[in-house]
Number of protein chains: 6
Amino acid sequence: MRILIVNPNTTASMTKKVGEAARAAASATTEILAANPVAGPESIEGYYDEAFSVPGLIGEMQLRPDMDAYIIACFDDTGLEAARCMTDAPVIGIGEAAFHMASMLAHRFGVVTTLQRSIPAIENNLVKYGLASRCSKVRAADVAVLDLEGRNEVALGKITDRIVESLEQDGAEAIVLGCAGMADLARSLSDKFNVPVLDGVACAVKLAEALAGMGLKTSKQRAYAAPISKRYS
Amino acid sequence: MRILIVNPNTTASMTKKVGEAARAAASATTEILAANPVAGPESIEGYYDEAFSVPGLIGEMQLRPDMDAYIIACFDDTGLEAARCMTDAPVIGIGEAAFHMASMLAHRFGVVTTLQRSIPAIENNLVKYGLASRCSKVRAADVAVLDLEGRNEVALGKITDRIVESLEQDGAEAIVLGCAGMADLARSLSDKFNVPVLDGVACAVKLAEALAGMGLKTSKQRAYAAPISKRYS
Amino acid sequence: MRILIVNPNTTASMTKKVGEAARAAASATTEILAANPVAGPESIEGYYDEAFSVPGLIGEMQLRPDMDAYIIACFDDTGLEAARCMTDAPVIGIGEAAFHMASMLAHRFGVVTTLQRSIPAIENNLVKYGLASRCSKVRAADVAVLDLEGRNEVALGKITDRIVESLEQDGAEAIVLGCAGMADLARSLSDKFNVPVLDGVACAVKLAEALAGMGLKTSKQRAYAAPISKRYS
Amino acid sequence: MRILIVNPNTTASMTKKVGEAARAAASATTEILAANPVAGPESIEGYYDEAFSVPGLIGEMQLRPDMDAYIIACFDDTGLEAARCMTDAPVIGIGEAAFHMASMLAHRFGVVTTLQRSIPAIENNLVKYGLASRCSKVRAADVAVLDLEGRNEVALGKITDRIVESLEQDGAEAIVLGCAGMADLARSLSDKFNVPVLDGVACAVKLAEALAGMGLKTSKQRAYAAPISKRYS
Amino acid sequence: MRILIVNPNTTASMTKKVGEAARAAASATTEILAANPVAGPESIEGYYDEAFSVPGLIGEMQLRPDMDAYIIACFDDTGLEAARCMTDAPVIGIGEAAFHMASMLAHRFGVVTTLQRSIPAIENNLVKYGLASRCSKVRAADVAVLDLEGRNEVALGKITDRIVESLEQDGAEAIVLGCAGMADLARSLSDKFNVPVLDGVACAVKLAEALAGMGLKTSKQRAYAAPISKRYS
Amino acid sequence: MRILIVNPNTTASMTKKVGEAARAAASATTEILAANPVAGPESIEGYYDEAFSVPGLIGEMQLRPDMDAYIIACFDDTGLEAARCMTDAPVIGIGEAAFHMASMLAHRFGVVTTLQRSIPAIENNLVKYGLASRCSKVRAADVAVLDLEGRNEVALGKITDRIVESLEQDGAEAIVLGCAGMADLARSLSDKFNVPVLDGVACAVKLAEALAGMGLKTSKQRAYAAPISKRYS
């Protein structure tokens, strides 16, 4: 099975990290390809960056049309619906992947993301997916996406503080890490707090393998119907 | 006051029609500028087209940064959040404009849009805006956007049929026309059915004038904070 | 265009203030008439006062049946549905006006009202309008309506404190002032906090002008159907 | 125990019928007083009539301030919140009474009311009470309230048709009769359809006896706090 | 009238206390029978205990098939739907009873229960019943069920603290005590805080008397249809 | 990896069929064990049967405490929360599995289950999981669970009819088969209708492999905390 994971921003070091996290989660027989657009925002922190990364994201998918599944490696599931329109293979966002998985391990999960400005898009996604009632609260660590590249004790401390608040004040029973750049923290934080801490990249790889492994396809009825034209002037 | 209304698709005849509808609704002292991107989808029928029209839409706005307000003239409010990030002037989508206005004239409104495939994006918007409980049902007339250019009795008949169903079966008390290309039908359909029939273009013009007239700005806290960079490599 | 704004309580100084706020917001060609009932509660602080002010409110409207639109200048939108039944002109409540407007400027808005006892009616309205998910929290400043008549630094300080909490603790991105008596504070508070601060009186004037300007009428289907008799023994 | 049941319209024959239904439901030791205002609408069919009946309704309650509980005998629970503000005895609306009771006998209940125009107020109440998800659908029999005075086979036929639709098409498992004037039909319709058919008058009497019997009072915190003045100029 | 109240755990002292609370609430003509299973968990603190108590609970009901109504005396309404399938008499859970009653006395009620681990089941019930929007928050006193047997000042202090938080921080206007073992505290806490404090046992007795007194039965359509077999190998 | 799939009813032929479906979905390195209780209902059609199957279901799990994950093979996710309390391995219900998977392939999915009486439990689960807004409608084929054993053209015809209604009338874009006994129909129905048709058994196997493969555990905070005692007198 071959899965393309697209980091929709242009930061290659992040693509590399995401690819490694995906490979660590994948089955032995799964080949993971990781890519990012050559043009567009270097990190996605809010709706504006999101909008400008979608054409590049779709472009990367169109370069590799024969994949068994696709993953969008940005926690706000950038361009998810558009991507689903251009293929009948499953397309999974790392945000939704983590939300669905956490819902099967806990009554309520908390989300710890990067910046305050990223919270509304996550809240809107939770409402769209139906899972808002399963989320205790989305908290921001006040850490920029690119600050998560490389080892950063200050950032880790802030994330840890938000997890404590989520468990103690909000009634969270599991934690979803709200940024692709936090993928490498899940295991150690899970050990530290003794609750499930979910990284969306690993969740998405497993879900993509699962759906493709069952031979299930993205529905082409209504929402994700193929566009009349896939190329624009 | 100067308002830019952007038709996010590339069909100039539709831009012209939308511009005329906007001018018909505008106050005497308001100058309406109408524009469309030079590249991108020629009509927007679903999530894929939507994604590819946003950069062009934003580009048109960036060419005219000194407007008092902006309007996005596609009923699924294409790129609304991204557009709000790049300006502190009010930005109004024609879909939300019609939903909010209809909510002040009726307990429940029905929506009549073009194609089945356009329904999910509208439903998701209603949920995101909070107004899903105010909408009786979104119905599709099975008429493509571009079929609404020029006088088209078959299309009109289908739209009329959906309005009848909406009023008689769904309990709608007002009708929202779910496509910028239907702007010229609102008055005659309102007369025919003796209920409010709302065109989003006129509603958006009035709301843009209202917000700008009060000196109100798009909030720059959290959701619509200015992007760190407005230009990408 | 002529708009009647009814203050449903009997305090003439408040009617005067509300009328001035309305005139300040209105277009040059709009004539604002401001009225209040001669009998009934002198301020509306809860459901009981609300109920006793409705007949007087309707009475004021019936004295001026030829208006282009009507505004109800109490933040809990006293008697809104009943008022809509007696006219086909648009009728706007200042609460709903501010909620709808704020929804187009921010992902979430906070409400700062007068007394704790006024919160439930506002919460119920938000649920009824569908906009509860757009409101971060309704907070009370513990200031009575009539304490807002005249310059009152203590009251202003309490309102300011609630705004700070709303922005910092609740994630509000805009603030709605929850009392007609706060109309004169919106501009300065908006400047102070650099977020949109909305006064319902101005919002309602603009929305009334907008709806009437488009020739839109209150639906007479179902909810707001004309009563069989408009006069009772 | 003494309970006052107020029919908020002025039709004495309906008050008599409601009083009889209440007495039939009451315990042997409960004294039922039935009253109606001397002025106001002769039937309540929509929001306008509702508003004009509240002062008379409150007036009837104020004439008998020493009751153990109060019942409002109009299915849209006219003036319920206002009535709760003026007493610390329990106050029950016949609509809410039936909804709560039906929720303990069935997963979903259907409502059959009089006119289409009465549906929105009932729908809004269901949302306000939280019980909208428990109601399969509100259907109207197209029978006016006063048509239910006296034996009326045509009206009964229409009500029966709506019950059939409710059970067969909507998935209702119990039926709530949506008008005080249908109180005498519950038993025979329950026998006919072999499902619970609930009359709000009986439900409200039982709930009023229950709450008062436990010594429970209407909360005076926030929503139903006593008004500063109970008499207006 | 004869009502069986089943304590689904095996602690006889708690059954005795619950029976006494039920008798104190019942009418003079009502006979209360109290029972508990001979096998199963000795207290119910979470989903696991709940599951193992249901067969014993049903067994106790089957031993007394001729009751006019049944009450389940565990605050998470253990086995409520299953119990309704085996009888057409009304079956009331003490949790739902208190929620419905509190909804008629206050705009919002708070719940104070025993342990953190008991909160999710209560939250899920509130969502299922539709009443989540009526509950301000469920708080846990960190007191085990069996710690409530006998006079326990420490436990009482913790419960009192949670009530204070509920009223002051959450906006609760009434308090629901979230455990059958707290039945004897309602009156004194109500006096202490001057708000309605509801015990589910008394509420359930009153509702059971009310429903049975009206001759209303559990619906046998769909959800609570009689099982094909009531005895299993 | 070893996964135990428990059919909570006592029909061994169904257990065999479910086990085969699970093995067909599982990875080569996964060992599937299938079991059913020796005592309890022979099929689960409603809440009563559900309650009596849980102790046997838990008992089967306790006999094999060393599994990597557990699956509950009844579409109403019988005993799911209780099962999660007794292990820290992931526990997946086939209903939730199919709902979550369908949510990543389609905007809205329809459910086709066996009997009308099974609909309410499915509806309540959808609300509890948060996914009610993602489901267009739950329809019943009026086919008993055990009628699905062996080839049954009449049953297949009824299921097919409900799928047609779901796609054409309800706006479903994918179909979830609402009974473990329909596991063998998914592939052929998916081919027939050219939309995703999901069988919960396969979905649950894939999700169990995914969660266990990532080393994720059921949270032991709050909802699924280990019971104080796992054995009862």
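**Exercise 1. Chains that stay apart**

Do chain B and chain E touch or not touch, and how many Å apart are their nearest C-alpha atoms?

Solution. Begin with the kind of model: this is a predicted model, in which local features need pLDDT of at least 70, side-chain atom pairs count only at pLDDT 80 or more, and totals for chains, interfaces and linings use all residues. Residues are numbered from 1 along each chain as its sequence is written, while chains are lettered from A and ligands numbered from 1 in the order in which they are written. Next, take the criterion: two residues are in contact if their C-beta atoms, placed from the backbone, lie within 7 Å. By this criterion chain B and chain E do not touch, and their nearest C-alpha atoms are 15 Å apart. Chain A and chain D do not touch either, with 15 Å between their nearest C-alpha atoms.

**Exercise 2. The two domains of chain A**

Describe how chain A is divided into domains, and what domain 1 brings to the contact with domain 2.

Solution. First, the assignment (its bounds come from an automatic or database domain assignment) gives domain 1 as 2-94 + 203-223 and domain 2 as 96-200 in chain A. The C-alpha centres of these two domains of chain A lie 20 Å apart. Their contact takes 22 residues from domain 1 of chain A and 25 residues from domain 2 of chain A.

Second, look for the elements, which are DSSP runs numbered from the N terminus (helices: H or I, at least four residues; strands: E, at least two). On the side of domain 1 of chain A that touches domain 2 of chain A, at least two residues each come from helix H1 (12-25), strand E4 (91-93) and helix H8 (200-213). The largest share of that side, five residues, belongs to H1(A).

Third, sort by class, where Ala, Val, Leu, Ile, Met, Phe, Trp, Tyr, Cys and Pro count as nonpolar, Asp, Glu, Lys and Arg as charged, and the others, Gly among them, as polar. This side of domain 1 of chain A then has twelve nonpolar, six polar and four charged residues.

**Exercise 3. Chain A against chain B**

Find the elements of chain A that touch chain B, and the rotation that relates the two chains.

Solution. Here 33 residues of chain A are in contact with 33 residues of chain B. Helix H2 (47-63), helix H3 (80-85) and helix H5 (119-129) of chain A each give at least two residues to this side, and H2(A) supplies the largest share, nine residues. By class, the side of chain A that touches chain B holds 20 nonpolar, seven polar and six charged residues.

For the rotation, copies are superposed by least squares on the C-alpha atoms of residues with pLDDT of at least 70 in both, pLDDT being the predictor's confidence in each residue, from 0 to 100. A rotation of 180 degrees, with 0.0 Å of shift along its axis, superposes chain A on chain B (RMSD 0.0 Å). The same surface serves both copies, since 97% of the contact residues of chain A recur in chain B.

**Exercise 4. Chain F against chain A**

Describe the side of chain F that touches chain A, and then name the relation between these chains.

Solution. In this pair, 37 residues of chain F are in contact with 37 residues of chain A. Helix H4 (94-103) and helix H8 (200-213) of chain F each provide at least two residues of the side that touches chain A, and H8(F) gives the largest share, six residues. The residues of this side of chain F divide into 21 nonpolar, ten polar and six charged.

Chain F is superposed on chain A by a rotation of 180 degrees with 0.0 Å of shift along its axis (RMSD 0.0 Å). That is the relation of a two-fold axis.
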